[in-house]
Amino acid sequence: MKITKIDYEILVWPELDPPFWMSLLPVNRPHELIVKVFTDEGLIGFGHTDQIPGVYQIDSQGEPIAGNAASILPDLIAPILVGQDPTRIEALWNVMFQTTFQSRWNRYGRTRAQLMAVIAAVDMALWDIAAKIASMPVFRFMGGTQHSIPCYMAGGYYREGKTIEHLMREMKVFRKQGFNAVKMRVGGESLDTDVERVAVAREALGPETWLMLDANEAYESVAGIEAAKAFAPHDIFWFEEPARWYEGASVWKHVANEGGIPVAGGEQAAARWEAADLVESSAISYMEFDGMRTGGPSEWLKVAIICEKANIPMAPHHGPLMHAHLVSAVPNGLLVEVFPDPAGYGSDDELEFTRWDRKYEMFSSYPDIVDGNLMLPDTPGWGFEFDEDAIGRLRVQRR
Ligand SMILES: [Mg+2]
């Protein structure tokens with residue numbers, strides 16, 4: 001079997017008005033890069049990655065068009081792959097990876113992060129093809145057996161006009177939907193206000209539900225320790241990215257030890273080496289390496305082996321449709337992160353709390369979430385298909 005063609009689309013959603021906020025940054029425009037790898041035997045591999053900086057830009061009319069990162073695939077990656085056997089995944093990954101250190105990328109003003117995101121989407125498509133050849137879902141192809149994967153609901157964002165009552169209702173909706181684990185943001189308001197928000201969330205969720213906090217690096221080290229101490233009485237499962245990258249991973253260890261909440265992190269690790277640094281410095285208790293945004297399933301599996309040796313569970317950031325397979329396939333897979341599905345909400349009023357969910361429209365089929373578990377389908381490959389009508393609506397012009 002040979003790769004004959006690689007096609008891609010950049011999807012950009014309308015601007016959110018108002019945006020919702022993580023701790024320090026608004027999310028105002030969801031966007032995706034989707035990849036299709038075609039073969040001479042008719043099998044097509046699907047992959048995707050999202051929120052790559054520079055994959056689109058705004059033209060003089062205010063419309064989104066392709067950005068400088070968009071041509072990484074046709075210019076650098078496709079020439080490596082076309083004509084190759086798609087099942088040689090490890091070899092192809094290593095050749096693609098060379099684009100990150102041969103400085104070719106530099107000439108075009110692209111970043112390593114952009115390249116690693118494109119490699120992730122392509123690697124995902126190659127695993128899709130390999131599993132489809134075997135007529136197996138990816139998790140079984142990788143040796144996994146568990147098809148029901150625990151999820152946590154990532155909500156509790158900031159938004160202009162969002163009150164503490166709104167937060168309480170949001171948390172109750174998640175509980176009603178059957179989630180046994182819920183994440184919320186902290187660090188975007190004063191500590192007093194955030195402690196009040198966390199207390200309200202804990203009350204709404206009840207004592208049994210895992211409650212995770214994500215600070216998105218909002219605190220400098222001492223502030224992170226103080227914040228952890230203030231949140232800890234509310235029975236917090238993990239404290240995510242509690243301090244800033246420039247202070248080094250060991251600061252997270254101090255936050256965990258002195259603040260009294262286990263720390264989760266790794267969603268920004270560029271590759272297995274940075275992930276290993278977090279493990280070796282005892283900075284984290286949960287690994288969130290994001291194989292959809294960097295390096296793909298191949299790299300994620302290597303990070304999982306590093307973490308298994310240190311008894312660190314894998315709790316990957318984002319990308320649940322891919323990561324659920326990987327969590328199933330490794331002995332230290334814990335759970336995946338999911339985002340609200342509008343069908344599960346009781347009213348438009350409650351729907352306003354997050355708009356990330358609108359991205360699901362790019363799929364014509366994707367796994368169900370039942371009682372807080374993502375149900376991996378038995379269909380060959382990753383188990384999702386793209387919706388060509390939605391792609392037609394959302395795609396931006398390529399150069
Ligand atoms: Mg996070």
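Two strands count as paired here if DSSP finds at least two bridges between them, and strands (E, at least two residues) and helices (H or I, at least four) are DSSP runs numbered from the N terminus. Residues are numbered from 1 along each chain as its sequence is written. The model is predicted, so to speak, by rule: local features need pLDDT of at least 70, side-chain atom pairs count only at pLDDT 80 or more, and totals for chains, interfaces and linings use all residues.**Figure 1. Strand 4 is flanked by strand 1 and strand 5.** Start with strand 1 (residues 3-12), which pairs with strand 4 (residues 31-39) in the antiparallel sense over 9 bridges. Within this pairing, I3 has T39 of strand 4 as its bridge partner. Strand 4 also runs antiparallel to strand 5 (residues 44-50), and 7 bridges join the two. Look here for V37, which stands opposite G45 in strand 5. Strands 4 and 5 form a hairpin with 4 residues between them, and G42 in the turn has a positive phi of about 90°.

**Figure 1**

**Figure 2. Strand 10 has parallel partners in strand 8 and strand 11.** Strand 8 (residues 148-154) is joined to strand 10 by 2 bridges, and M153 has V182 as its bridge partner. With strand 11 (residues 210-214), strand 10 pairs over 5 bridges, again in the parallel sense. M184 stands opposite L213 of strand 11. From strand 10 the chain crosses through helix 7 (residues 191-205) to strand 11, and this β-α-β crossover is right-handed: with the strands pointing away from the viewer, the path from the first strand over the helix to the second runs clockwise.

Figure 3. A nonpolar core is a set of buried Ala, Val, Leu, Ile, Met, Phe, Trp, Tyr and Cys residues joined through C-beta atoms within 7 Å. The largest one has 114 residues, and V35, V122, C151, V182, F239 and M287 touch the most other members. Helix 4 (residues 112-133) gives the most to this core, with 15 residues. Zoom in on V122: leaving aside neighbours within four places in sequence, V122 is in contact with V35, V37, G47, I77 and M96, contact being C-beta atoms, placed from the backbone, within 7 Å.

**Figure 4. Domain 1 meets domain 2.** The bounds of domain 1 and domain 2 come from an automatic or database domain assignment, and their C-alpha centres lie 24 Å apart. The contact takes 32 residues from domain 1 and 33 residues from domain 2. On the domain 1 side, strand 2 (20-21), helix 2 (89-97), helix 4 and helix 14 (388-394) each give two or more residues. Helix 4 supplies the largest share of that side, 11 residues.

Definitions and conventions. A residue is buried if 20 or more other C-beta atoms lie within 10 Å of its own, exposed if 12 or fewer, and partly exposed in between; C-beta atoms are placed from the backbone. Two residues are in contact if their C-beta atoms, placed from the backbone, lie within 7 Å.
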